[in-house]
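This briefing goes through one structure, topic by topic. The sequence and the model come before the notes.

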Amino acid sequence: MPDDVVVGEIITCPDCGTDFEVSEVKEKGVSIKPAETVGEDWGE
Amino acid sequence: MTTLALMYDRIRWEEKVLTKTAEAGGLNVNRVDAKTVSLDSDWSIEETREKFGDIVLQRCISYFRGLHTTAFLESKGLNVINSMDVTLTCGNKLLTTLKLEKAKVPTPRTLLSFTEDSALKSLQILGYPAVLKPVTGSWGRLVVQLKDKDTAQAMLEMRSRMEGSLNQIFYIQEMVERPPRDIRTIVAGDHIIAALYRYAPEGEWRTNISTGGKGEICKVTGELEDVVLRAAETVGGGLLGVDAMESPEGILVHEVNNTVEFKGAASVCDVDIPGAIIEYILKQARR
Ligand SMILES: Nc1ncnc2c1ncn2[C@@H]1O[C@H](COP(=O)(O)OP(=O)(O)O)[C@@H](O)[C@H]1O
Ligand SMILES: [Mg+2]
């Protein structure tokens, strides 16, 4: 996890590859929730 | 102090670096997660400004989410970059093609059909190889080469069996005879901030960075600048990723991205891309 982690950032589980979205940055560690999966309208 | 509302649904490298650069440039940044909002038609202009900020940078990854939040905020009087009109055009490859074509900006010939059979007819007119793309989509997703009639039949059948009405729109384009690269330019208003070649990786014909494309610095020629800036102006201007190809007849623009990603460009170009983006936003905020 990056030192400057922010809410809304995606972190990937190094073991299983699942994406999680950071939902809260706490003094020690972060809370996470499952990230959304890619939608057909996603992109630049 | 001016507040920049940064509308997002996922924080990528770009959103982090834009936040830092904006703060360093004296802006107060209010990051708004589009997944958490309840936008109320009853809000006044003042209320909306109070909740969001003085100027909005739209960075949603979901096109429709971005389009709708932009429509709301713009109608409440906020200056959103990019505007709703620009978003509407750039989020749909057909609308983009039509605008480019009308403004005589060189762009690949494109045919449009709505059924498998008529799409095959379009291909007969256009000839093989051709390219089939979703009108809405990005990162090279479902952009496929149709080398011959057999491949075309298979691809068209698959597309027509996919769910969603957008999948029933067949946007079919001539295959441009280009080198194994295209050109990504990042445009802010009336100038090109950065330009890079994107080379397709081994065993891949698409050049998107997301499909493994490799960036290399690209010198902006007079022709490239002219075509790219006319394309940007034609779609309504703003902060754009204008993509071009080198065809035997010269530079063609094949798409314009309205929430441009620039991590790939930043890793090869010497210019300070986030700095130039924030400078553009500051200029808009002062208007
Ligand atoms: N008409 C074409 N001829 C040759 N290559 C093309 C053509 N259209 C697209 N490509 C290749 O496919 C990539 C993706 O197409 P593009 O229209 O940019 O869709 P996306 O929005 O998914 O990036 C381009 O970057 C380019 O490398
Ligand atoms: Mg593209």
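Buried residues account for 32% of the 44 residues in chain A. The model is predicted, and every value below is computed from it.

**Chain A**

- Three strands and zero helices are assigned in chain A, and along the sequence the pattern reads β-β-β.
- Taken along the principal axes, the box filled by the C-alpha atoms of chain A is roughly 35 × 25 × 15 Å.
- The accessible surface of chain A is about 2900 Å², with 51% of this surface belonging to carbon and sulfur atoms.
- Of the contacts in chain A between residues at least 6 apart in sequence, 6% join residues at least 24 apart.

**Interface of chain A and chain B**

- The size of an interface is often given as the accessible area lost when the parts come together.
- Between chain A and chain B, about 1900 Å² is buried, and carbon and sulfur atoms give 41% of that area.
- A:Asp41, A:Trp42 and A:Glu44 supply 42% of what chain A buries against chain B, more than any other three residues.
- In terms of contacts, 18 residues of chain A meet 28 residues of chain B.
- Six salt bridges are found across the interface of chain A and chain B.
- A salt bridge also joins the side chains of A:Glu9 and B:Lys16, with an N to O distance of 2.8 Å.

**Domains of chain B**

- The domain assignment divides chain B into domain 1 (3-81), domain 2 (109-174) and domain 3 (177-272).
- Ten residues from domain 2 of chain B and eight residues from domain 3 of chain B take part in the contact between these two domains.
- The C-alpha centres of domain 2 of chain B and domain 3 of chain B are 24 Å apart.
- Domain 2 of chain B and domain 3 of chain B bury about 680 Å² between them, and 46% of that area is on carbon and sulfur atoms.
- On the domain 2 side, B:Trp139, B:Gly140 and B:Gln145 lose the most area to domain 3 of chain B, and together they make up 58% of what that side buries.
- The count of salt bridges between domain 2 of chain B and domain 3 of chain B is zero.

**B:Asn92**

- B:Asn92 sits in the loop between helix 4 (84-90) and helix 5 of chain B.
- B:Asn92 counts as buried because its relative accessibility is 18%, and the cut-off for buried is under 20%.
- Leaving out residues up to four places away in sequence, B:Asn92 touches B:Val135 and B:Thr136.
- B:Tyr63 is 29 residues from B:Asn92 along the chain, and their C-alpha atoms are separated by 9.7 Å.

- B:Leu98 belongs to helix 5 (residues 93-102) of chain B.
- With a relative accessible area of 47%, B:Leu98 is partly exposed, since that class runs between the under 20% of buried and the over 50% of exposed.
- Which residues make the nonpolar surface patch that includes B:Leu98? B:Leu88, B:Leu95 and B:Leu98 make this patch, with an area of about 230 Å².

Conventions:
Residues numbered from 1 in each chain as written. Chains lettered and ligands numbered in written order. Predicted model: local features only at pLDDT ≥ 70, side-chain atom pairs only at ≥ 80, totals over all residues. Heavy atoms only, no water. Patch = residues over 30% accessible without salt bridge, like charges linked within 9 Å, V, L, I, M, F, W, Y side chains within 5 Å. Areas by Shrake-Rupley, 256 points an atom, 1.4 Å probe, with all protein chains shown as cover. Salt bridge = Lys/Arg side-chain N within 4 Å of Asp/Glu carboxyl O. Helix = DSSP H or I, 4+ residues; strand = E, 2+ residues; numbered from the N terminus. Buried < 20%, exposed > 50% of the residue type's maximum accessible area, 1.4 Å probe, protein only. Domains from an automatic or database assignment. Contact = heavy atoms within 4.5 Å. Buried area = accessible area lost by both parts, 1.4 Å probe.
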